[in-house]
Amino acid sequence: MFKLFTAALCVLLTVSGVRADGQREPAAPRDVDFHSVNLRNTVRWSSGTGDAHGTTYTVEYAIYGDAVDVEGTEQVAWRPVEQCGNVTQTECDVTEQTDDMEEEYYARVRANGPNGRSEWTEIDRRLRLTDTTLGPPNVNVTVVENILHVKLSGPFRWRNPGKKRQSIFNIFPHMFYNVSVYNNSSKHTQSFRQSKKLLQYGPLEYSSEHCVRAEVLSSALHLTTVPSDWICVSIADGNTAEIRLALTCHGYAF
């Protein structure tokens, strides 16, 4: 009877996260998930309930379909993320480990404390190439007389400093810029599907204001994208432009 009671108590303590010697093990991390922007891949999580000060975390990753044989049973081949073997922050950059765009990946996180380790918490989905969010392109707007010149570039795949950057257009198929031009007078927006990096829009009415923003899209894939901020420019009055030019030619600053 005593042995049965002892066994039941051990099970109860294990389930509650308390060891048989009364010490509490760290709680397993919560809300573990991938976060990816411009192919910079990180694992993020929340600390477990009641984690003590000084708790650290260990991150491992696995390639989908990669397995090892353990006593005749295939198991997931988990690999350590070297830079996240014992970290205090609740995120880990795994870009280097997940940079093969033809593969899919898993990840898991464990908490470490002075009284032991928690169970692993695995992400319940795979990281795919198309899961990344594409950030806004670089947009530069200038006015030549009464014509807007919109120059576009990027977005670019995230790289460590010093490495050559790579345009997202060279990674995903059938990419294009979706450029929106808003007329602040008519309150009308025109959209342009743009494969080139320069859009010329006009001629426009003088003494008017127009706002421009752009995002990247793919005609072949459903991708999550973030548009640029609106950039607003004013088209100066034609007479004012001529006066400024005339005064400048005579060496005066208007």
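Let's start with cavities. On a 1 Å grid over the protein atoms alone, a cavity is a set of points where a 1.4 Å probe fits but cannot get out. By that rule there is one cavity of 30 Å³ or more. The largest cavity has a volume of about 120 Å³, where volume is the space filled by probe spheres set on the points, joined across faces, edges and corners. Its lining has 15 residues, and the closest to the centre are Leu39, Asn41, Thr98, Met101 and Leu129. Lining means having an atom within 4 Å of a point.

A word on the model. It is predicted, so local features need pLDDT of at least 70 and side-chain atom pairs count only at pLDDT 80 or more, while totals for chains, interfaces and linings use all residues. Residues are numbered from 1 along each chain as its sequence is written, and side-chain values use heavy atoms, with hydrogens and water left out.

Now the strands. Strands here are DSSP runs of E, at least two residues, numbered from the N terminus. Two strands pair if DSSP finds at least two bridges between them. Seven bridges join β12 to β13 (residues 147-153). Val141 has Val150 in β13 as its bridge partner.

Next, a hairpin. β4 (residues 67-70) and β5 (residues 73-76) pair antiparallel over four bridges. Val68 stands opposite Gln75. Two residues lie between the strands, and Glu71 in the turn has a positive phi of about 55 degrees.

On to the rings. Rings of Phe, Tyr and Trp (its six-membered ring) pair if their centres lie within 6.5 Å; planes under 30 degrees apart are stacked, over 60 edge-to-face, the rest tilted. The whole structure has five aromatic pairs. One of them, Phe192 and Tyr201, is edge-to-face, at 5.4 Å centre to centre and 65 degrees between the planes. Are these two buried or exposed? Phe192 is partly exposed at 21% relative accessible area. Tyr201 is buried at 16%. The cut-offs are under 20% for buried, over 50% for exposed, and partly exposed in between, with a 1.4 Å probe and protein chains only.

Last, charges over rings. The test is NZ of Lys or CZ of Arg within 6 Å of the ring centre and within 35 degrees of the ring normal. Arg108 sits over Trp120, 4.1 Å from the ring centre.

Technical notes. On a 1 Å grid over the protein atoms alone, a cavity is a set of points where a 1.4 Å probe fits but cannot get out, and a pocket is an open set with protein on both sides within 12 Å along at least five of seven lines; lining residues have an atom within 4 Å of a point.
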